[in-house]
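Subject: Structure handover

Hello,

Here is the structure we talked about. Please open it alongside this note; my findings follow below.

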Amino acid sequence: MKSKIVMLLAIPFAIGAGTVQAAEKAAETAAAAPAAAAASDRSAESVVNAKCIECHGSGKKHAPRIDDREDWTKRASKGLDALALGAIRGHHGMPARGGRADLTDAEFKNAIFYMFTKAVSTPAKK
Ligand code: HEC
């Protein structure tokens, strides 16, 4: 009985220690890469506006336009993961990761989700 309580008490402590370690690691990484500061704003919106818009804004090379609800809905019907996978590898006229090799999978997916959300919130044509 007593050992159970000790274990329960140890859990938050272990989690706390992990968080401190992660924070230290993040601080180390940040210190080691001062040049990355310029690229620090990697929110979905800024990634899309910095890069994806190049083709997805105008529909260059037949990229699904950011305001094309039908095109995005059709593509997204295979699921976000499948969509992301193809786009990460490169897909027809689209370079791998949209030419942003520095993006993590999560950042890339967020950028896709951002464009998809924009597209489906655009009123349908007709
Ligand atoms: C150089 C032009 C270009 C850039 C830059 C670009 N794309 Fe694309 N993208 C395309 C083209 C062209 C297609 C259509 C390919 C096709 O028909 O399968 C496409 C298709 C896609 C698709 C749909 C893939 C599918 O399976 O239907 C996704 C998702 C996507 N792009 C995400 C992105 C994201 C996120 C970025 C920015 C990080 C980006 N793209 C930047 C040209 C581009």
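**What surrounds the ligand**

Helix α2 gives the most residues to the shell around the ligand, with 6. This is a predicted model: local features need pLDDT of at least 70, side-chain atom pairs count only at pLDDT 80 or more, and totals for chains, interfaces and linings use all residues. Numbering starts from 1 along each chain, as its sequence is written. Helices (H or I, at least four residues) and strands (E, at least two) are DSSP runs, numbered from the N terminus.

In total, 26 residues surround the ligand. The closest are C52, C55, G93, M94 and G98. A residue counts as near a molecule or strand if its C-beta atom, placed from the backbone, lies within 6 Å of it. The elements giving two or more residues to this shell are α2 (44-56), α4 (80-89) and α5. By class, the shell holds 12 nonpolar, 8 polar and 6 charged residues. (Ala, Val, Leu, Ile, Met, Phe, Trp, Tyr, Cys and Pro count as nonpolar, Asp, Glu, Lys and Arg as charged, and the others, Gly among them, as polar.)

Two packed helices are described by the angle between their axes and the distance between the axes. Axes are lines fitted to C-alpha atoms, for helices over the stretch in contact, and angles run from 0 to 180 degrees between N-to-C directions. Angles under 35 degrees count as roughly parallel, over 145 as roughly antiparallel, 65 to 115 as roughly perpendicular and the rest as oblique. A crossing is left-handed if the near helix is turned anticlockwise from the far one by less than a right angle, and right-handed if clockwise. Residues are in contact if their C-beta atoms, placed from the backbone, lie within 7 Å.

- α2 with α5: the axes come within 9 Å and cross at roughly 70 degrees. The two helices are therefore roughly perpendicular. The crossing is right-handed. From α2, A44, E45, V47, V48, C52 and H56 meet E107, N110, A111, F113, Y114 and M115 of α5. That contact has 8 nonpolar, 2 polar and 2 charged residues.
- α4 with α5: the angle is about 115 degrees, and the axes are 10 Å apart. That makes α4 roughly perpendicular to α5. α4 passes α5 in a right-handed crossing. L80, L83, A84, A87 and I88 of α4 meet D105, F108, K109, I112 and F113 of α5. This contact has 8 nonpolar, no polar and 2 charged residues.
- α3 (residues 69-76) with α5 (residues 105-120): the axes come within 8 Å and cross at roughly 130 degrees. They are therefore oblique to each other. α3 passes α5 in a left-handed crossing. R69, W72, T73 and A76 of α3 make the contact with F116, A119 and V120 of α5.

The protein averages a pLDDT (the predictor's confidence in each residue, from 0 to 100) of 79, and 67% of the residues score at least 70. Confidence is highest in α2, at a mean of 96, and lowest in helix α1 (residues 2-32), at 52. Over residues 7-15, pLDDT stays under 50, and the model has 0 contacts beyond four places in sequence for them. Where pLDDT is low, the predicted coordinates should not be read in detail.

Best wishes

Note on methods. Two residues are in contact if their C-beta atoms, placed from the backbone, lie within 7 Å.
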